[in-house]
Amino acid sequence: MKSSALLFVFIVSLLFFSCSSSLPDVKAVRAVSIFDYTDGDSYPRMRLAVFTETGSDVRRAESIRIVSKETGWEWKADDVEIFSSDAKMWAGYTNFVSPGDRAIPQGAYTLFYTDALGHDAESSFSVFYPASLRRTRAGEAKEKLGTGVSERIAVYDEEDVLIYFDARKSEWKSDDDVWREMENASRMRLCFSNADKSVLCFMPFIDRPEISPASGE
């Protein structure tokens, strides 16, 4: 699949680099626990997305390393992605996973951010999620997120490129309304997040139905 379903608020990728040599300065860290469902019968695949906002030129991001203070486990991402959101610039990685079927540790983490010149900056963040989600099927996931759950709809074209990611429009009373308006759409999936958007559940894909010639469409 050419496009992962992660992009919740970090959408726009930057395609150039700066020659700035300012030292890195991490202003904020955002972590999201992601539960990805392939069908209605299987348990989800879990991954962790971590993004940093820096006071220096984020376009020079080289790597991000995270360490769980609870377990000592660590992960490093060298293929860092750059995104823009709300007039802020973020560098991050969306696919930190644990080996085998182990859970991503909850609790406190240390983050090490390295720029292209080898300069480092350090920060911290925490990871919390309902542990029961790891053994919850898609149909029961939403209720595990507690109160204040929000829904987004992700729509993809035939090349699996994300073409819409936002709340369902008021005029979309059913999935058929989505297909009618978005002619290039090939499939979609619902995405549920908890109140503080630290946990995100992606439901299984829904393929565009075949249109019968008799329907007149």
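Begin by selecting Arg189, which sits in strand S12, residues 187-193. Keep in mind as you click around that this is a predicted model. Is Arg189 buried or exposed? With a relative accessibility of 2%, Arg189 counts as buried. Now show its side chain and look for its polar partners. One is Asp36, whose side chain makes a polar contact of 2.7 Å with the side chain of Arg189. Another is Met203: the side chain of Arg189 reaches the backbone oxygen of Met203 at 2.7 Å.

**Zoom out for a moment**

Let's take in the whole chain. The protein has 217 residues, and buried residues make up 46% of them. If you colour by secondary structure, you will find two helices and 14 strands. Consider next the contacts between residues at least 6 apart in sequence: 63% of these join residues at least 24 apart.

**Next stop: a four-stranded sheet**

Select strands S5, S4, S8 and S9. These four strands form an open sheet, in the order S5-S4-S8-S9, and the pairing is antiparallel. Which strands stand at the edges? They are S5 (74-77) and S9, and each has a single partner strand, so one side of each is left without a neighbour in the sheet. On average, neighbouring strands of this sheet are turned by 20 degrees against each other, direction ignored.

How many bridges link S4 and S5? There are four, and the two strands pair in the antiparallel sense. You can pick out some partners by eye: Ile66 has Trp75 in S5 as its bridge partner, while Arg65 stands opposite Lys76 in S5. Follow the chain through the hairpin of S4 and S5, where five residues lie between the strands. In this hairpin, stop at Gly72, which takes a positive phi near 85 degrees.

Trp75 and Ala77 make up the covered face of S5, whereas Glu74 and Lys76 make up the uncovered one.

**Into the core with Ile66**

Go back to Ile66 and show everything around it. The largest nonpolar core has 33 residues, and Ile66 and Phe96 touch the most other members. Leaving aside neighbours within four places in sequence, the contacts of Ile66 include Leu48, Val50, Trp73, Trp75, Phe96, Tyr109, Leu111 and Phe125. Glu74 and Thr110 are also among the contacts of Ile66.

**Along strand S9 to Val127**

For the next stop, select Val127, found in strand S9. Val127 counts as buried, at 2% relative accessibility. Which residues does Val127 touch, not counting residues up to four places away in sequence? They are Ala31, Ser33, Leu48, Pro105, Gln106, Gly107 and Tyr109. Try the distance tool on Pro105: Val127 and Pro105 are 22 residues apart in sequence and 7.6 Å apart in space, C-alpha to C-alpha.

**Past the end of S9: Arg137**

Where does Arg137 lie? It is in the loop between strand S9 (120-127) and helix H1 (138-144). Arg137 is partly exposed, with a relative accessible area of 38%, whereas the Arg189 of our first stop is buried. Not counting residues up to four places away in sequence, Arg137 touches Tyr37, Gly40, Asp41, Ser42 and Tyr43. Take Gly40 from that group: 97 residues separate it from Arg137 in sequence, and the C-alpha atoms are 6.2 Å apart in space. Then look at Asp41, whose backbone oxygen lies 2.7 Å from a polar atom of the side chain of Arg137.

**Last stop: two cysteines**

In general, a disulfide is a covalent bond between the sulfur atoms of two cysteines. How many disulfides does the structure hold? It holds zero. Select Cys191 to see an example: it is in no disulfide, and the nearest cysteine sulfur, that of Cys201, is 9.6 Å away. Cys201 is in no disulfide either. Both cysteines are buried, Cys191 with a relative accessible area of 1% and Cys201 with 0%.

Definitions and conventions. Residues numbered from 1 in each chain as written. Predicted model: local features only at pLDDT ≥ 70, side-chain atom pairs only at ≥ 80, totals over all residues. Heavy atoms only, no water. Buried < 20%, exposed > 50% of the residue type's maximum accessible area, 1.4 Å probe, protein only. Contact = heavy atoms within 4.5 Å. Polar contact = N/O pair within 3.5 Å; in protein donor to acceptor, adjacent residues only side chain to side chain. Pairing = 2+ DSSP bridges. Axes fitted to C-alpha atoms, helices over the stretch in contact; angles between N-to-C directions. Core = buried A, V, L, I, M, F, W, Y, C linked by side-chain atoms within 4.5 Å. Disulfide = S-S within 2.5 Å.
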